[in-house]
Amino acid sequence: MQQRDNENRLSQEYTNSVLLNGTLQTPKWWPYLVSILGFFVVIGFVLFGIQIKYGLGVTGLNRPIYWGLYITTFVFWVGISHAGIMISAILRLTQAEWRRPVTRAAEILTIFSLATALVFPLIHAGRTWRIVYWLIPYDASRGIWPNIRSPLFMDPIAISTYLTGSTLFLFVALLPDLAVLRDRTTGFRKGFYTILALGWRGNPRQWKMQVVGGILLSALMLPIFVSVHSIVSWDFAVTTAVEGWHSTIFAPYFVIGAVHSGVSAVVTMMALMRWGWGWNEFIRPEHFDALARLLTVVATAWLGFTFLELLFALYGLDAPEIALREMQIFQYPWNMLFLTFLLTGYILPVPMWIFKRIRTNIALMFWSSILVNIGMWLERFLIIVPGLARRTPFVFTWEAYSPSWFEWYILFWSFCWVTLLMLIFSRVFPLVPLFEQKESEVFSDDIKIGRATVPTIFREEEE
Amino acid sequence: MVAEKNRSWGMVIDTDKCNGCSGCVTACQVENNIPLNDQNKFERGRVMSWIRIERYWEGEFPNVKARFIPIMCQHCENAPCEPVCPVYATYHNNEGLNVQVYNRCVGTRYCANGCPYIVRMFNYWEPTWPEEIRNHLNPDVTIRSRGIMEKCSMCMQRIKRGERNAGDQLQDGEIKTACQEACTTGAITFGDLNDPESEVSILAKSDRKYSLMPQLNTNPNVVYLATVDPYKDKNLGEKAKTNEH
């Protein structure tokens, strides 16, 4: 098959055949990985069942450390979900061309991490079987409405709004690719894609509606970008009594941290997509380069917020607040965690990204993005647990927290669960948007300026 | 109908009279069907007791003095636990009590994080009692299942029974909480803070009154009376002095 045409562009047939290699065929490693992950996921469900049956005593939680690993992981996954909106909505509206091959992966990551985040309050609650009482804002059986003042009630609303928006966005972007799949499959799968493709034939009117729909959805989803993680941060910020939680800077601090961890997770995914499916010609070092530049800016802004948060806390010269910070930063074992958090969240990865040779090195980008997410998980842990483990004036309530293996497994389970869902998705739908890829091939060109060849993007401007 | 009574149940605890005997803790345990605390619960930090005695040591040897303060739900008028509950499982009723509705509770434990006094307990396991004790459980009090919060109710069952028995002629001091009855030194007084002639109202106007963590503006219905310190003018006095405002 001819890979490149006369103008050195990837041919459309070649693009189709390579990008559908995970959808129309099964990669060799796919069944093994899916069954291993499926095994871990099933164990996770069994453990969750055991916890429901016997109670939350299986965790390491106590009084006063009522929130632990579950809530940390909940916040972590909500944070990861900011990848989608950052990459597909903001970069789409700002017309960043390099976003194209990663939009779908970011969207999928958003949807599955949000779905996982929504599960965590259920796992965390004492009586999961009654959760329907508060998730559904309808006074059917109790005669009272949920408490709208509680951030814990705003959480599911914000997250499910985000989930709905992201799913619609994903679907609109999938339409042309669904039609491609419809034309290349037979039997049951053909029927499935035919229904989903909604009669897509690729005529100008349909393309126009698809583009307008995508732009509208990105614009409509922008407020969610701010609201979701702000509301999650209010879970902590509204508690007047807990030092280290009660802070006014939490909302922007959490949002910028979420972008930091979410975009890093996209980098991790891109590396895995190169290695797993061999899409080296579509997910190129330039894309890693661009994402790492974005990350450098975001990470530095986030570091600024981290120090501002400390500054805000110490500015009041409130003795309990200072005592909490002293514990969080200088006392064992929190000091070790804090050091790891700073090293992995910023000090190790970000200076690496200054160098172009590292930014375009896939393996290094993969590991540095993983480091960031270790750091970001620790950030949430270091906010939630030391705040509760603070030394209150009531000495008889002082406790330490060591998570049980149960909680660690559920944390591990969440990663298996998200990966499993993404792998199953990749077998049914293409992970790299075919039409976006082809569109960018048409738009892009090389121009010669002197001796240098510069890649450029051509756009038709409307008069 | 209930609203017309316009009551505000409150408590005054005289820390000067408290000798830290833990009688109130035991009485509360029996009255309110609180599961027994075994070694495992202490080790894991999951002790259930709606009232606890905090002990503080003051001074240097030999002039050392133990201070006790019983702490239970403060029934704050401006309670931090109430707005954060997503299901209204905890709310303020029209008799000045902070009420925990077990049936509504889904166990998010958010209220417990909001509480500055750390008096809310979570049922990590299904509560169990030895066979001999099961027959002695108080039939007036619900047994809480696993996965929900519980806390001091100011002996709600006693308040209701007292109101029912007395009708309109409820006298001050007629209703006694379990901890109050058990207190050998009479450090605990319970009554209606809205009735200006009740014993609690008079005691709550004392010069020695103070409330816990006033900086949080929770406005508790439990008022403490500071210790009267005979060593005040000697080297120990500094802390007692600050308490007596």
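The largest nonpolar core holds 192 residues, with A:Trp67, A:Phe236, A:Val266, A:Met273, A:Trp279 and B:Met11 making the most contacts inside it. A nonpolar core is a set of buried Ala, Val, Leu, Ile, Met, Phe, Trp, Tyr and Cys residues joined through side-chain atoms within 4.5 Å; buried means under 20% relative accessible area (1.4 Å probe, protein chains only). Helix H10 of chain A (residues 250-277) gives this core its largest share, 15 residues. Helices are DSSP runs (H or I, at least four residues), numbered from the N terminus.

The model is predicted: local features need pLDDT of at least 70, side-chain atom pairs count only at pLDDT 80 or more, and totals for chains, interfaces and linings use all residues. Residues are numbered from 1 along each chain as its sequence is written, and side-chain values use heavy atoms, without hydrogens and water.

Beyond its neighbours within four places in sequence, A:Met273 is in contact (heavy atoms within 4.5 Å) with residues including A:Ala105, A:Leu431 and A:Val432.

The chains also meet at an interface.

| Interface of chains A and B | Value |
|---|---|
| Residues of chain A in contact with chain B | 50 residues |
| Area buried between chain A and chain B | about 4,100 Å² |

Buried area is the accessible area (1.4 Å probe) that two parts lose on being put together, summed over both. Carbon and sulfur atoms give 57% of it here. In chain A, A:Arg63, A:Tyr66 and A:Phe394 lose the most area to chain B, together 20% of what that side buries.

Methods
Chains lettered and ligands numbered in written order. Buried < 20%, exposed > 50% of the residue type's maximum accessible area, 1.4 Å probe, protein only. Helix = DSSP H or I, 4+ residues; strand = E, 2+ residues; numbered from the N terminus.
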